[in-house]
Amino acid sequence: MSSTTPDWSALRRDFPILDQTVHGHPLVYFDNAATSQKPRAVIDALVRYYERDNANVHRGIHELSNRATTAFEAARERTRQFINARSVEEIIFTRGTTEGINLVANAWGNHFLKAGDVILLTEMEHHSNIVPWQLLAARTGAKLRYVPITGDDGLLDLDQFDRLLTPEVKLFSLVHISNALGTINPVATLCARARRLGITTLVDAAQSAGHLPVDVQAIGCDFLAFSGHKICGPTGIGALYGRKEILEQTPPWHGGGEMISTVDYDHSTWNTLPHKFEAGTPDISGPIGMAAALDYLDAIGRANIFQHDLELATYCYARLSELKGVRLFGPKNERGGLVSFLLNDVHAHDVVTIADRLGVALRGGHHCTQPLMKKLGVPSTARASFYFYNTRAEVDRFIEVVLEIQKFFGV
Ligand code: 7TS
């Protein structure tokens with residue numbers, strides 16, 4: 001990874017989409033937690049693949065199929081390096097974080113969980129790390145419990161955590177960086193405490209994988225899921241890391257081509273890892289585009305990206321906290337690259353709608369964290385979320401827009 005300070009404005013020019021006006025104003029794209037923009041290198045990798053190499057993988061005896069297979073499997077090796085997994089057998093391509101978690105809930109969960117077992121989550125989880133477990137609980141009779149948060153500052157109540165690690169807990173699944181609060185959870189410490197008690201662990205790295213160095217061996221988790229589209233890659237592709245010993249004991253989820261070794265009319269045997277979990281023709285351009293994104297991010301250095309995110313988020317939080325009538329959510333100090341807020345009693349959707357008219361793309365709503373919103377006692381929040389191509393000048397523009405919104409609503 002690069003240790004020198006990147007030339008952020010040169011990097012910004014790699015993103016053609018950012019150079020446009022929206023409703024007559026220069027675009028300020030602050031919806032990166034929903035999806036990031038794509039650099040030219042990723043767009044080019046997709047075009048190159050479809051113009052030169054497109055063919056189905058793993059079944060070719062012709063040149064194009066061999067090229068496609070080589071690029072597809074090279075993308076798996078690139079993904080392994082990105083999160084420092086031990087082996088490519090531990091990297092399963094998925095449609096994204098949501099599918100990764102559903103794979104674990106269905107393949108691992110159906111096999112290993114039974115009535116009375118407990119799945120431990122936290123109160124700040126995205127719906128994709130709640131609903132698959134609710135469905136699993138309904139199938140198996142397992143129960144869900146939640147590590148509480150402390151309040152608007154959105155930190156996990158770690159005293160409660162140890163109390164909740166009872167012998168019935170079989171799985172602990174938690175978010176690394178909260179998409180609604182910006183909280184950065186100490187995943188390595190928490191996974192170590194759980195694993196010491198024999199509890200299987202899963203980390204939702206949707207908001208972290210492209211924003212700080214993520215090393216599955218250092219975290220020590222059993223599973224980790226992320227999405228390509230939030231980290232400069234294409235939509236529809238992501239990866240699930242699974243510890244090899246666990247994946248070997250876990251039956252497949254989807255059945256079909258590619259995931260088998262032999263098939264007879266009444267019985268089949270399974271392919272080796274990771275193919276056992278990849279039924280059917282996969283998304284081929286997706287991993288190739290995602291690998292280009294991972295190259296791009298690691299050339300910048302994720303430690304550098306983290307510093308940049310932190311600077312913008314800290315600056316934005318400080319500027320918002322100087323204004324009257326602003327309620328801020330999430331930690332006061334170290335936070336991921338996003339700020340959630342409310343302006344007096346103005347509905348978050350109104351904030352976002354007016355911001356859009358002024359060229360600023362925000363998100364307002366429950367951010368797929370309805371239980372968390374209930375806990376905070378609000379229906380929704382407005383959210384500004386950043387990436388390395390955003391600038392302090394854009395935060396200044398955003399603050400001007402917030403002031404205009406306050407003026408408009410007379411708050
Ligand atoms: N987990 C977290 C923490 C997320 O932020 C998201 C998406 C997901 C899981 C699901 O990822 P997907 O790629 O499978 O959809 N979060 C958001 C968001 O904050 N706004 O839009 C999507």
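1. The sulfur of C221 lies 5.5 Å from the closest cysteine sulfur, that of C191, which is too far for a bond. A search of the whole structure accordingly returns zero disulfides, a disulfide being a pair of cysteine sulfur atoms within 2.5 Å.

2. C221 is buried, at a relative accessible area of 0%, whereas C368 is partly exposed at 31%; buried means under 20% relative accessible area, exposed over 50%, and partly exposed in between, with a 1.4 Å probe and protein chains only.

3. This is a predicted model, in which local features need pLDDT of at least 70 and side-chain atom pairs count only at pLDDT 80 or more, while totals for chains, interfaces and linings use all residues. Residues are numbered from 1 along each chain as its sequence is written, and side-chain values use heavy atoms, with hydrogens and water left out.

4. Around the ligand there are 16 residues, of which T98, D204, Q207, S227 and R383 come nearest; a residue counts as near if one of its heavy atoms lies within 4 Å of the molecule.

5. A polar side-chain atom of D204 is 2.6 Å from a ligand nitrogen, and one of S227 is 2.7 Å from a ligand oxygen. For N179, a side-chain N or O atom lies 2.8 Å from an oxygen atom of the ligand.

Note on methods. Polar contact = N/O pair within 3.5 Å; in protein donor to acceptor, adjacent residues only side chain to side chain.
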